[in-house]
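Colleague: Can you walk me through this one? I have a few quick questions.
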Amino acid sequence: MPATDVTKEQVFAALREIEDPEVGTNLVDLGLIYQIDTTAVGVVKIEMTTTTRFCPASAFIIEAVRTRVGTIAGVGEVVIDLVYDPPWSPEMATLFSFEHQT
């Protein structure tokens, strides 16, 4: 599959397989994924956050995202931008599907 065929839906589906180890809910439904860009050839850029700025599981979560998204056919590089603006809050948790994510 050419890299340009990697879709946001595939990335969201992969990210749904990763649970926050402290909360026990997947990253997408928790609202931790702010943006996904799949436009660069072979590169998936993910803007995300953690539940707290000094989350002790940050390194684990980032590595899990990089590893899991990296298994998608056509992905050559995963770039993760960990941001804290806007800060995460429990109201950001969602039960919506990836079509409702930006």
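Modeller: Start with helix packing: the buried residues of α3 pack against α1, α2, β2 and β3. Contact here means heavy atoms within 4.5 Å. Buried means under 20% relative accessible area, exposed over 50%, and partly exposed in between, with a 1.4 Å probe and protein chains only. Helices (H or I, at least four residues) and strands (E, at least two) are DSSP runs, numbered from the N terminus.

Colleague: What kind of model is it, and how are residues numbered?

Modeller: This is a predicted model, with residues numbered from 1 along each chain as its sequence is written. Local features need pLDDT of at least 70, side-chain atom pairs count only at pLDDT 80 or more, totals for chains, interfaces and linings use all residues, and side-chain values use heavy atoms, with hydrogens and water left out.

Colleague: Back to α3. Which residues are buried there?

Modeller: S58, I61, I62, A64, V65 and V69. Seen down the axis of α3, these buried residues fall within an arc of 160°, so they line one face of the helix. The arc is that of the directions from the helix axis to the C-beta atoms.

Colleague: What does α3 span, first C-alpha to last?

Modeller: α3 has 13 residues and reaches 18 Å, close to the 18 Å expected at 1.5 Å a residue. The expected span is 1.5 Å times one less than the number of residues.

Colleague: And α1? Which residues are buried?

Modeller: V11, F12, A14 and L15. Down the axis of α1 they fall within an arc of 160°, so they line one face of that helix. Their cover includes α2, β1, β2 and α3.

Colleague: Zoom out. In what order do the elements run?

Modeller: From the N terminus on, α-α-β-β-α-β. That is three helices and three strands. The protein has 102 residues, and 43% of them count as buried. Among contacts with a separation of 6 or more, 64% join residues 24 or more positions apart.

Colleague: How many residues are in the largest nonpolar core?

Modeller: It has 29 residues. Those with the most contacts inside it are V11, L15, I33, I46, V65 and V69. Two or more residues each come from α1 (8–15), α2 (27–30), β1 (33–37), β2 (43–48), α3 (58–70) and β3 (77–82). α3 gives the most, with five residues. A nonpolar core is a set of buried Ala, Val, Leu, Ile, Met, Phe, Trp, Tyr and Cys residues joined through side-chain atoms within 4.5 Å.

Colleague: Now strands. Do β1 and β2 run parallel or antiparallel?

Modeller: Antiparallel, joined by four bridges. I33 stands opposite M48 in β2. Two strands pair if DSSP finds at least two bridges between them.

Colleague: In what sense do β2 and β3 pair?

Modeller: In the parallel sense, over six bridges. K45 stands opposite V79 in β3.

Colleague: What about E47, buried or partly exposed?

Modeller: E47, in strand β2, is partly exposed at 27% relative accessibility. Its C-alpha is 6.1 Å from that of L82, 35 residues apart in sequence. Leaving aside neighbours within four places in sequence, E47 is in contact with L32, I33, Y34, Q35, D81 and V83.

Colleague: Where is the cis peptide bond with omega near 5°?

Modeller: From D85 to P86. P86 lies in the segment after β3.

Colleague: Which side chain has a polar atom 2.6 Å from the backbone oxygen of P86?

Modeller: That of Y34. A polar contact is a pair of N or O atoms within 3.5 Å; within protein, one must be able to donate a hydrogen and the other to accept it, and residues adjacent in sequence count only if both atoms are side-chain atoms. Y34 sits in strand β1 and counts as buried at 11% relative accessibility.

Colleague: Where does T38 lie?

Modeller: In the loop between β1 and β2. T38 is buried, with a relative accessible area of 14%. A polar atom of its side chain lies 3.4 Å from the backbone oxygen of V6. Beyond four places in sequence, the contacts of T38 are V6, T7, K8, V11, V43 and V44.
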